[in-house]
Amino acid sequence: MSALLDIRNLTLDLYADGSWRRVLDDVSFQVGRGEVVALVGESGSGKTMTALSVLGLTPSRKIRRQGEIIFDGRNLLSLDEEELRSIRGRQIGMVFQEPAAALHPSLTIGAQVAEVLRAHTDTTRQRAAARAVEMLGEVRIPDPQSRAAMYPFQLSGGMQQRAMLASALICDPLLLVADEPTTALDVTVQAQILELLSEEQRLRELAILFVTHDLSLVQRFSQRTVVMYQGQVVEDRSTPDVVAHPRHPYTRSLLDAAQSVTSAPVTLNALDPMTATGCRYAARCPERQEICIEQAPPIQSTGSGSYRCVLAAEPPSHRTASLTDAGGVNEGGVLLRCEQLRKAFAPRRRALRLSRLPTIVAVDGVDVSVPAGQTVAIVGESGSGKSTTARMILRLLDPTSGRIEFEGRDVTRIRGRELRALRAQIQAVFQDPAGSLDPTMSVGTHLTTSLRLHRGLHGAPARARVAELLELVQLPSSFARRYPNELSGGQRQRVALARALAAQPKLIVLDEPVSALDVSTQANTMAMLMELQRKLGLAYLLIAHDLPLVRNVSHHVAVMYRGAVLEHGSTNQVFTQPRHPYTQALLSLAHFADIDREPIILSGDPSQAPESPGGCRFRDRCPYAMDVCAIEPPSSNFPDGGGVACHLHTAGPMLSGQSVDLLLPKPPKSSTDKGAACDD
């Protein structure tokens, strides 16, 4: 396989705050024609800066570069801006992490896709518009003609990312640079995008540089993996070998921190500043030797690549316990109970005569309980009703109907002082800490405000408590003087947690608390949350779509789909004996699923209900759907405490100890076989 992209000894310095800072140091690797190479590492490892260097899009004009970036026989670092523009978009396509930020909000999707073609070819406006519609169809956007006339805000995150992919591929590039293209998407949409990328790569014989912080994502997708740490390449080998036998200790830490379904994440220490001598990973490495501190590690060759380390021995085996196995569980009675919780959003009546809009039922008859001192996770795709349920529990939304009990008391309709007292007992940590922290307030002010409102503390006692709270979340007391923009994403999330702890709550609602963080920061944050749970007896309601994370930290799981709970039970039962077809599909897409088992890729849009009302909510996407599914399935409860709403289980509880393969019949090969498959 000849090299399409050959990065040779790339070194990059950026000038900031009055000094030069090295961000890339002697980076070398290749991407062959038609090859998929994953570029992996934590935030700050240099992977995105490497990708931007290929495109000539480094964020600072004050840069010093050495080395070469050879693309299709030309050194990109020797080209001027006009020559780079002729390659960017035409021969090298780019898909960014946040499609909402990359797409122009005031231009239609079709116009933005067509613009790329017109910028690089002599295609007429009319032909470019027609080709844009064709391209939207190729990336599986339904009804591409009407979607082309829409604006970005009118599309879901998955459709926005597909539109970005259409823009990147419309000129038939030789290389696609995909920078974290699935990070902001839920697990099913993530799988759909990766499947689409794989299909386009095969059809076009396209080379892809896939930038990600999550090694588990690349297992099915890439042929080779390049692992970066503090601006250096520390391992460059075939993906199967990297996953099965990682040679560098940092690679092993990333794999463990990926939080697989069956093993506990390994936490990493804080990222140290780049050092001039010795191994840059030495300060965090559990296997370091004296030579690692004194000398730069050699590059050692293996059968499938190379790695930068003095160690030559086979790696130690990974751990197999989950975080919830460590220590005892502070069990107690039911702290929170929700019964038949429902939330319907009716359209507001306007003075203007508009067509009557339907009422949207976001949550419909949800039952969920949280025992004291335990973690209950609610999982499901985006739009399943998870966050709406959490906001009703926090009383940020009033339920349309149903009942919320906290410590045995109905709190569904309380107001005023009683509601303020409840919110001290039930705190929240949201997905985006930057959005939930006031940028004009210091960390200390955020915490003292919470202490004053919920605990009545002022002055010296409040300042002393601020120091204690920062210590609880493993931050130095000096951070009280910092502002949110001076903190990393993980540090901001710890401040948000400290603010929640200031109220001394009994329950904390964690709404996607680590989805915006890189894999090692995720592992560190969740390990800290579990330690706080054991120390303080906290209960957590975790809202997440990351099933490996849920497997490691929760005691009970409820699976939601289109506003309803389809399955619930202990974490061990749900993950080892999934009873609902939707749960099985989600688990098949979980990171580090068995490579020999094909994932169940769900087609269709979960936000669109079946055409005919009533019946099972999942029937339009279920491979086992049969005629009886047009009737609402009853809830079946099992001796192990779990439950499922599915017609396949109305015959009675299933035998314990069955393998996952036996829980449901094999999916039919065609729609005409569905009834026979289920009858078997």
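Strand 9 (residues 224–229) and strand 10 run antiparallel to each other and are joined by six bridges. Here a strand is a DSSP run of E with at least two residues, and a helix is a run of H or I with at least four, both numbered from the N terminus; two strands count as paired if DSSP finds at least two bridges between them. The model is predicted, and local features need pLDDT of at least 70, side-chain atom pairs count only at pLDDT 80 or more, and totals for chains, interfaces and linings use all residues. Residues are numbered from 1 along each chain as its sequence is written, and side-chain values use heavy atoms, with hydrogens and water left out.

The two strands form a hairpin with two residues between them, where Q230 adopts a positive phi near 45 degrees. Y229 has Q232 of strand 10 as its bridge partner.

Strand 10 (residues 232–238) also pairs with strand 12 (residues 305–308), in the antiparallel sense and over two bridges. On this side, E235 has Y307 as its bridge partner, while D236 stands opposite S306. Seven of the seven residues of strand 10 are buried, that is, under 20% relative accessible area, where exposed means over 50% and partly exposed lies in between (1.4 Å probe, protein chains only).

These strands belong to an open, mixed sheet of eight strands in the order 6-7-8-3-9-10-12-11. Its edges are strand 6 (92–95) and strand 11 (299–302), each of which pairs on one side only. From one strand to the next, the twist averages 20 degrees. Angles run from 0 to 180 degrees between N-to-C directions, with axes fitted to C-alpha atoms, for helices over the stretch in contact; contact means heavy atoms within 4.5 Å. Helix 7 (residues 157–169) lies across strand 6 and strand 7 (175–179), at about 170 degrees to strand 6.
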